[in-house]
Amino acid sequence: MRHDRPSDTARFVLNGIHWVSQHPRLGSEVPRDLARYTDEMVRCVEWGGKAKVSWIDRRISRLKAGLMQAVSIPGIYLYQVMRKRYIESVARSHVLPNVSQLIVLGAGFDTLSLRIGSSRVGMTVIEVDHPASRAAKLEAIGRFNFSTGPCVFVDSDIDRDGIAESLARCPEYDPNAPTLFVAEGLTMYLQESRVRDLFEFVSGGSSESRILFTYMEEGPDGSWDFREQGALATRWLAFKNECFTWGAKRQAIAGILAQCGLDLVEERTAEDLRSDLLSPENRDVRIAHGENTVLARPAG
Ligand SMILES: C[S@@+](CC[C@H](N)C(=O)[O-])C[C@H]1O[C@@H](n2cnc3c(N)ncnc32)[C@H](O)[C@@H]1O
């Protein structure tokens with residue numbers, strides 16, 4: 001990604017979640033807290049923290065987000081909502097009760113760590129992101145009207161520094177603590193060696209640690225794009241210097257994890273998320289395909 005400005009794909013995800021939350025039919029698919037915090041983040045990121053945003057400005061921004069989805073990856077926004085819901089539900093129900101540290105990598109403008117940090121007393125919450133994205137998020141949080149918890153923000157280009165070095169610079173990080181690592185929408189921007197480093201890093205820690213991550217599934221043509229991705233989106237990602245650099249065949253992912261000392265616990269495709277999470281009245285709505293979400297744990 002470009003080093004001089006925050007990630008454009010992080011803004012794309014933020015505005016997409018917001019778009020779904022405001023949609024007359026799909027809005028009910030976004031849990032209340034995610035919708036509230038996303039709305040606040042949009043106010044702080046897109047509107048400079050303005051106390052009142054006019055109806056017409058909101059309407060124009062919704063239209064722009066809708067158009068952006070139509071010409072880039074149809075169905076991407078609802079898919080991203082489902083990915084977030086799955087990650088949060090696994091985190092809250094199965095993992096967080098057994099860990100004392102949450103580390104969100106490539107967090108962008110996501111609000112999970114802010115919400116968890118403000119509701120789970122005693123949990124160490126750390127976000128690691130590219131310096132330009134982290135600076136924009138910190139600026140936004142400075143304008144926030146909601147509680148954001150005691151989240152620690154670490155600057156790092158993970159591709160350049162590696163995960164171990166990034167966290168070594170963070171005094172709050174405890175290498176022995178059982179930890180949930182979240183890498184949502186990140187691995188596709190790293191080199192394979194860095195993705196493997198990350199998996200090995202998790203497997204070398206506490207046996208109670210877990211990682212929830214997403215990856216692009218390699219298509220039959222060898223590409224790592226979303227199946228619905230148009231040429232315009234590919235050109236936009238290249239222009240923003242946020243092209244996908246890593247993906248894997250679905251059959252290969254458990255093997256890659258095993259080579260790095262992790263067991264795959266569960267994996268969800270977009271279609272799994274549709275049938276598990278979408279309410280019956282929205283089951284037929286278009287969603288994007290190509291990215292899968294995995295929960296993994298140290299082997300043993
Ligand atoms: C598609 S956004 C996803 C944001 C967030 N995880 C979400 O799902 O809403 C990608 C994020 O990865 C971060 N990122 C990309 N390459 C990175 C790198 N080399 N080091 C650290 N962060 C990186 C970007 O800054 C951005 O926040």
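**Close-up 1. Gly205 lies in the loop between helix H9 (192-203) and strand S5.** This is a predicted model, in which local features need pLDDT of at least 70 and side-chain atom pairs count only at pLDDT 80 or more, whereas totals for chains, interfaces and linings use all residues. Residues are numbered from 1 along each chain as its sequence is written. Helices (H or I, at least four residues) and strands (E, at least two) are DSSP runs, numbered from the N terminus. Gly205 has 19 other C-beta atoms within 10 Å and is therefore partly exposed. In this classification a residue is buried if 20 or more other C-beta atoms lie within 10 Å of its own, exposed if 12 or fewer, and partly exposed in between, with C-beta atoms placed from the backbone. Leaving aside residues up to four places away in sequence, Gly205 touches Pro175 and Thr179; contact requires that the C-beta atoms of two residues, placed from the backbone, lie within 7 Å. Gly205 and Thr179 are 26 residues apart along the chain, and their C-alpha atoms are separated by 8.3 Å.

**Close-up 2. Helix H1 (residues 8-21) is mostly covered.** The end C-alpha atoms of H1 are 20 Å apart, which agrees with the 20 Å that its 14 residues should span at 1.5 Å a residue; the expected span is 1.5 Å times one less than the number of residues. Of the 14 residues of H1, 11 are buried. Among them are Ala10, Phe12, Leu14, Asn15 and His18. The buried residues of H1 pack against helix H2 (32-46), helix H3 (55-71), helix H4 (76-95) and helix H6 (131-142).

**Close-up 3. The axes of H1 and H4 cross at roughly 95 degrees.** These axes come within 8 Å; axes are lines fitted to C-alpha atoms, for helices over the stretch in contact, and angles run from 0 to 180 degrees between N-to-C directions. H1 and H4 are therefore roughly perpendicular to each other, given that angles under 35 degrees count as roughly parallel, over 145 as roughly antiparallel, 65 to 115 as roughly perpendicular and the rest as oblique. H1 contributes Val13, Gly16, Ile17, Trp19 and Val20 to the contact, and H4 contributes Ile76, Tyr77, Leu78, Gln80, Val81 and Lys84. Eight residues of this contact are nonpolar, two are polar and one is charged. Here Ala, Val, Leu, Ile, Met, Phe, Trp, Tyr, Cys and Pro count as nonpolar, Asp, Glu, Lys and Arg as charged, and the others, Gly among them, as polar.

**Close-up 4. Seven strands form an open sheet with mixed pairing.** The strand order is S3-S2-S1-S4-S5-S7-S6. Strand S3 (151-155) and strand S6 (262-268) are the edge strands, each pairing on one side only. Neighbouring strands of the sheet are turned by 20 degrees against each other on average, direction ignored. H6 packs on the sheet, where it touches strand S2 (124-129) and S3, and its direction makes about 150 degrees with that of S3. Two strands are taken to pair if DSSP finds at least two bridges between them.

**Close-up 5. Strand S7 (residues 291-298) pairs in the antiparallel sense with strand S5 (residues 210-216) and with S6.** The pairing of S5 and S7 runs over six bridges. Thr214 has Thr293 of S7 as its bridge partner, and Ile211 is bridged to Ala296 of S7. S6 and S7 are likewise joined over six bridges, with Leu262 standing opposite Pro298 in S7. S7 is mostly covered, six of its eight residues being buried.

**Close-up 6. Helix H5 (residues 112-119) is mostly covered.** Six of the eight residues of H5 are buried, namely Leu112, Ser113, Leu114, Arg115, Ile116 and Gly117. The buried residues of H5 pack against H2, H4, strand S1 (101-105), S2, S3 and strand S4 (179-183).

**Close-up 7. Glu281 is found in the loop between helix H12 (270-277) and S7.** Glu281 counts as exposed because it has 11 C-beta neighbours inside 10 Å. The C-alpha atoms of Glu281 and Val90 are separated by 24 Å, and the two residues are 191 residues apart along the chain.

**Close-up 8. Ala132 has its place in helix H6.** Ala132 has 17 C-beta neighbours inside 10 Å and so counts as partly exposed. Ala132 and Cys170, 38 residues apart in sequence, are 18 Å apart in space, C-alpha to C-alpha.
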